[in-house]
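Hi,

Here is the model I promised to pass on. Have a look at it first, and then read my notes below.

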There are 2 protein chains.
Amino acid sequence: MPREQTVRPSADGSPTSGRKSARTRERILAAAAQVLSRKGWAGTRLVDVAEVAEVQAPAVYYYWPSREDLLAEVVTVGQQATLEHVVASLAALPEDASALDRIDGAIAAHLEVVLRRSEFSLAAIRNAAQLPADIRERQLVGQRAYADVWRGLVEDAVAAGELTADVDARAARMLVLGALNWAPEWWNPERGSLEDVVATTQHVVRRGLSTRR
Amino acid sequence: MPREQTVRPSADGSPTSGRKSARTRERILAAAAQVLSRKGWAGTRLVDVAEVAEVQAPAVYYYWPSREDLLAEVVTVGQQATLEHVVASLAALPEDASALDRIDGAIAAHLEVVLRRSEFSLAAIRNAAQLPADIRERQLVGQRAYADVWRGLVEDAVAAGELTADVDARAARMLVLGALNWAPEWWNPERGSLEDVVATTQHVVRRGLSTRR
DNA sequence: CGCATGTTTGAATCCACATTAGAAGAACGG
DNA sequence: CCGTTCTTCTAATGTGGATTCAAACATGCG
């Protein structure tokens, strides 16, 4: 078993920091995220993960007790990555940002994480519906936490009168999140810059939800 | 092997029409759609499908040469169901419907098919990214055909000046489709009527894309 | 009724994985 | 350098699940 040791959370998360063992672990985890996001929960074979991680399949068991634990961690990390990046981005906004500006910020952050930063997040999103019951339950907790962030954003905007109150807030929120979560299915870095997608999305959402033109 | 016979396409698709053998086939196919939409491509076991269809697993092989063929058919049917329902709904609109009205119609039709009418369509949507390469290729053809319908809708609306030309049409289109395709992940008949979701979606999209208020 | 063809099944086969076990390789402190 | 501990591998093991097969069951037609 890997020695329990305080691994400095390596701000960049790059697989070149920390001791070798920790790096292998990261490599496997990242490989699992990649495969999971493409092949789905049941379709993710340890052999494939291992191949991507440049390791033999049994190496996985040095770090995780089972395949399921590995995949579950991918999902957890994916959820946290999204939540944390969005929250951090919001925190970085100027104090006087309007409620709509904050929504713009959240849109940008969500798209960044899902499209560029993290296959983990993509793996978590795409597989939510396919998780085994017990894992799904834990997943729902994280999902609710994230939903709360957005609920707050929307409520604030409504309260500030910046956002139309004449549509069901939950539905509107989910429509937006749907548009965001679906982006990985069609966006391709070759066809257009991430910045453009972000701008378009902000534009459309703003018009779709805001009170003024 | 099942006798090749002209099966009247049973307008309603209910499993109570046609000869018994054909009904069994339908039952298995529908069961496969249900399981596929929940468990993903690799997670769909014939035993589960068979159980839902109230049949033993080997019965599948009387109708399809392999599990893969069965699942592939589910995807094809799902795509066609969506395309056909949307096209039919558009055709049913009054001649003088505006371009934006037609988009409203397409939104309603797409949501209906995905949320109520067909687990097939849901199975096709959720698994697109997980299909084995060869099947995925065929799938892309159908997907393109459907995308063309929407491209047409959007182009018409832009041409008619009813839709803002200041955003990337492709991105806008995909954002909308994303919002629609994501609906099954959160919509629950208990929490609100389908009609409400449709109305909200139409409202938000209209505002998000149209030129006038 | 009774055969012929269509349909479904239970039991057997077979293979692709996850997982285990034990040995071989690194790294590292003395 | 040398032993000890950490890390990874190769070679089994075991199981789940797709597929095959031949027998049982239905159905319809003479």
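**How the two chains meet**

In this predicted model, 33 residues of chain A are in contact with 33 residues of chain B, where contact means that the C-beta atoms, placed from the backbone, lie within 7 Å. On the side of chain A that touches chain B, α1 (20–39), α8 (169–186) and α9 (194–209) each supply at least two residues. The biggest giver there is α8(A), with 11 residues. Helices here are DSSP runs (H or I, at least four residues), strands are runs of E (at least two), and both are numbered from the N terminus. Sorted by class, that side of chain A has 16 nonpolar, nine polar and eight charged residues. For the classes, Ala, Val, Leu, Ile, Met, Phe, Trp, Tyr, Cys and Pro are nonpolar, Asp, Glu, Lys and Arg are charged, and the others, Gly among them, are polar.

Before going on, some housekeeping: residues are numbered from 1 along each chain as its sequence is written, while chains are lettered from A and ligands numbered from 1 in the order in which they are written. As the model is predicted, local features need pLDDT of at least 70 and side-chain atom pairs count only at pLDDT 80 or more, whereas totals for chains, interfaces and linings use all residues.

**Symmetry**

Chain A superposes on chain B by a rotation of 180° with 0.0 Å of shift along its axis, at an RMSD of 0.1 Å. The two copies are thus related as by a two-fold rotation axis.

**The DNA side**

There are 19 residues around DNA strand C, and A:Leu46, A:Arg67, B:Ser21, B:Thr24 and B:Gln56 come nearest; to count as near, a C-beta atom placed from the backbone has to lie within 6 Å of the strand. Two or more residues each come from α2 (46–53) and α4 (67–92) of chain A, and from α1 (20–39) of chain B. This surface divides into 10 nonpolar, four polar and five charged residues.

UniProt, in an unreviewed entry, lists residues 45–64 of chain A as "DNA-binding region". That stretch is 60% helix and 0% strand, with its end C-alpha atoms 15 Å apart. The record also places "domain: HTH tetR-type" (unreviewed entry) at residues 22–82 of chain A, a span that is 75% helix and 0% strand, with 22 Å between its end C-alpha atoms. UniProt positions follow the numbering used here, feature names are shortened, and annotations may be inferred rather than shown by experiment.

**Chain A as a whole**

Chain A has nine helices and zero strands. Its C-alpha trace spans about 60 × 35 × 30 Å along the principal axes.

B:Glu185 sits in helix α8 (residues 169–186) of chain B. B:Glu185 is partly exposed, with 15 other C-beta atoms within 10 Å. B:Leu115 is 70 residues away from B:Glu185 in sequence, yet their C-alpha atoms are 9.6 Å apart.

Cheers

Technical notes: Two residues are in contact if their C-beta atoms, placed from the backbone, lie within 7 Å. A residue is buried if 20 or more other C-beta atoms lie within 10 Å of its own, exposed if 12 or fewer, and partly exposed in between; C-beta atoms are placed from the backbone. Copies are superposed by least squares on the C-alpha atoms of residues with pLDDT of at least 70 in both.
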